[in-house]
Amino acid sequence: MNEKKEMMADMVKSLALLLMEKNRELTMEQALSFVFNSDTYQKVMNEEAAFYYQSPKYVFAFLEEELLTGKVG
């Protein structure tokens, strides 16, 4: 795995863990599902957007906004 892909995978894991921290009832599978089905995930996986270089808490703010507005399902 190259460095960028590894950073992307780490970001996805961090986002799922932050979700689980916010909602202790979520399983890892559920948290990953929220992440994978989000626009934020698309931005993390887009090398040009370089979201994977940002701090997990910064990126989580985008995911959290999606969850609050009902854009993640």
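## Thr 40 and its surroundings

Leaving aside neighbours within four places in sequence, Thr 40 is in contact with Leu 15, Val 59, Phe 62, Leu 63 and Glu 66. Contact means heavy atoms within 4.5 Å. This is a predicted model, in which local features need pLDDT of at least 70, side-chain atom pairs count only at pLDDT 80 or more, and totals for chains, interfaces and linings use all residues. Residues are numbered from 1 along each chain as its sequence is written, and side-chain values use heavy atoms, with hydrogens and water left out.

Thr 40 sits in helix H3. Helices here are DSSP runs (H or I, at least four residues), numbered from the N terminus. At 1% relative accessibility, Thr 40 counts as buried. Buried means under 20% relative accessible area, exposed means over 50%, and partly exposed lies in between (1.4 Å probe, protein chains only). The Thr 40 side chain also makes a polar contact with the side chain of Glu 66, at 2.3 Å. A polar contact is a pair of N or O atoms within 3.5 Å; within protein, one must be able to donate a hydrogen and the other to accept it, and residues adjacent in sequence count only if both atoms are side-chain atoms.

## Helix H4

Glu 66 is one of the buried residues of H4, along with Val 59, Phe 60 and Leu 63. Seen down the axis of H4, the buried residues fall within an arc of 110 degrees, so they line one face of the helix. The arc is that of the directions from the helix axis to the C-beta atoms. An α-helix has 3.6 residues a turn, so residues three or four places apart point the same way. The face of H4 turned away from the buried side carries exposed Lys 57 and Leu 68. Cover for the buried residues of H4 includes helix H1 (3-22), helix H2 (28-36) and helix H3 (39-45).

H4 runs over residues 56-69, 14 residues in all. Its first and last C-alpha atoms are 20 Å apart, close to the 20 Å expected at 1.5 Å a residue. That expected span is 1.5 Å times one less than the number of residues. Just after H4, Gly 70 takes a positive phi of about 80 degrees.

## The nonpolar core

The largest nonpolar core has 18 residues. Such a core is a set of buried Ala, Val, Leu, Ile, Met, Phe, Trp, Tyr and Cys residues joined through side-chain atoms within 4.5 Å. Leu 15, Leu 19, Val 35, Val 44, Val 59, Phe 60 and Leu 63 have the most contacts inside this core. H1, H2, H3 and H4 each supply at least two of its residues. H1 gives the most, with seven. In soluble globular proteins, nonpolar side chains tend to be buried together.

Val 35 shows the links in detail. Leaving aside neighbours within four places in sequence, Val 35 is in contact with Val 12, Leu 15, Ala 16, Leu 19, Tyr 41 and Leu 63.

## Two salt bridges

The whole structure holds two salt bridges. A salt bridge is a side-chain nitrogen of Lys or Arg within 4 Å of a carboxyl oxygen of Asp or Glu. Glu 47 pairs with Lys 4, with the closest N and O atoms 3.4 Å apart. Glu 47 lies in the loop between H3 and H4 and Lys 4 in helix H1, so this pair ties together parts 43 residues apart in sequence. Glu 47 is partly exposed, at 38% relative accessible area. Lys 4 is also partly exposed, at 33%.

The side chains of Glu 64 and Lys 22 form a salt bridge too, at 3.2 Å from N to O. Glu 64 lies in helix H4 and Lys 22 in helix H1, so the pair ties together parts 42 residues apart in sequence. Glu 64 is partly exposed, with a relative accessible area of 26%. Lys 22 is exposed, at 59%.

## Loops and helix H3

Ser 38 lies in the loop between H2 and H3. Ser 38 is buried, with a relative accessible area of 3%. Its side chain reaches the backbone nitrogen of Tyr 41 at 3.0 Å.

Ala 50 lies in the loop between H3 and H4. Ala 50 has a positive phi of about 55 degrees although it is not a glycine. At 19% relative accessibility, Ala 50 counts as buried. Met 45, in helix H3, is partly exposed at 30%. Met 45 and Met 11 are 34 residues apart in sequence and 9.5 Å apart in space, C-alpha to C-alpha.
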